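Biologist: I have the model open and would like to go through the side-chain contacts with you. Can we start there and then move on to the overall fold?

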Amino acid sequence: MLLRILDRLEEVLIATLMALATVLIFLAVCHRYLLGIPFLFPILFPINLSWAQELCIYMFIWVAKFGAAYGVRTGIHVGVDVVVNQLKAPWRNYVVLFGLLCGAFFTAVIGTMGAKFVWGLYHTDQVSPDLEIPSWFVYLCIPLGSYLMCFRFLQVAWNYIFTGELPHHDHAMVEGVDVEEPGIGAGEVTR
């Protein structure tokens, strides 16, 4: 139950931040170009959107950190496994498990270093240039995203130990869309 809540929270956070950043950048670009129209200039000039670019950068950084964890969970990260696939069954399992544990270790180290960095920033008065939000909050995505990614690596490794399966992303499958058997297409009709 908790894993499903975490999965959904992760997906909602990523989708929401991406949607908000896209809409915000669209509005900022439209605002910038509409300022060039003389009769709209007096209306739009008082609206200050100088902060929009900074906020979008921060949102996309958060999306990238949590999206990386989502990628581990769903198996959409690009991997080169030509050599691993050539190995026989016991050695292949050891190499895959070693790779997963190395990923977990690396992300745990990055998360710990990020947490120390954020903790150091927390005790300062540093703020972002345009939004003037505390810098520690901006960088909080590093430990949170890295620890979540570490958890996902350990989750995949645990599943691999007991089932022997890795998450695999099927590019042809779209969640929520059922595909029926294809009928006879124009290319299959013979006369």
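Biologist: Which kind of contact do the side chains of R73 and E11 make?

Modeller: Bearing in mind that this is a predicted model, the side chains of R73 and E11 meet in a salt bridge, with N to O at 2.9 Å. That pair links distant parts of the chain, since R73 sits in helix α3 and E11 in helix α1, 62 residues apart.

Biologist: How far apart are the closest N and O atoms of R73 and E10?

Modeller: They are 3.0 Å apart, and the two residues form a salt bridge. This pair also links distant parts of the chain, with R73 in helix α3 (residues 52-74) and E10 in helix α1, 63 residues apart.

Biologist: Is E10 buried or exposed?

Modeller: E10 counts as buried because its relative accessible area is 3%, under the 20% cut-off. R73 is likewise buried, because its value of 17% falls under that cut-off.

Biologist: Where do R8 and E11 lie?

Modeller: Both lie in helix α1 (residues 2-34), three residues apart, which is about one turn of the helix.

Biologist: Switching topic, which residues form the nonpolar patch on the surface?

Modeller: The patch is made of L87, W91, Y94 and V95, which together have about 430 Å² of accessible area. W91 is found in helix α5 (residues 89-122), and W91 counts as exposed because its relative accessibility is 57%, over the 50% cut-off.

Biologist: Now the fold: how many helices and strands are there?

Modeller: The protein has seven helices and zero strands, and along the sequence the pattern reads α-α-α-α-α-α-α.

Biologist: Why is it more spread out than a compact globule?

Modeller: The radius of gyration is 23 Å, whereas the globule rule gives 16 Å for 191 residues, so the protein is more spread out than a compact globule. Its C-alpha atoms fill a box of roughly 70 × 70 × 35 Å along the principal axes.

Biologist: What share of the residues counts as buried?

Modeller: Of the 191 residues, 26% count as buried. The accessible surface comes to about 14,000 Å², and 70% of that surface belongs to carbon and sulfur atoms.

Technical notes: Residues are numbered from 1 along each chain as its sequence is written. This is a predicted model: local features need pLDDT of at least 70, side-chain atom pairs count only at pLDDT 80 or more; totals for chains, interfaces and linings use all residues. Side-chain values use heavy atoms; hydrogens and water are left out. Helices (H or I, at least four residues) and strands (E, at least two) are DSSP runs, numbered from the N terminus. A salt bridge is a side-chain nitrogen of Lys or Arg within 4 Å of a carboxyl oxygen of Asp or Glu. Buried means under 20% relative accessible area, exposed over 50%, partly exposed in between (1.4 Å probe, protein chains only). Patches are made of residues with over 30% relative accessible area and no salt bridge: like charges are joined within 9 Å, nonpolar side chains (Val, Leu, Ile, Met, Phe, Trp, Tyr) within 5 Å. Accessible areas come from the Shrake-Rupley method with a 1.4 Å probe; for residues, only the protein chains shown count as cover. The radius of gyration is taken over C-alpha atoms; the globule rule is 2.2 Å times the number of residues to the power 0.38.
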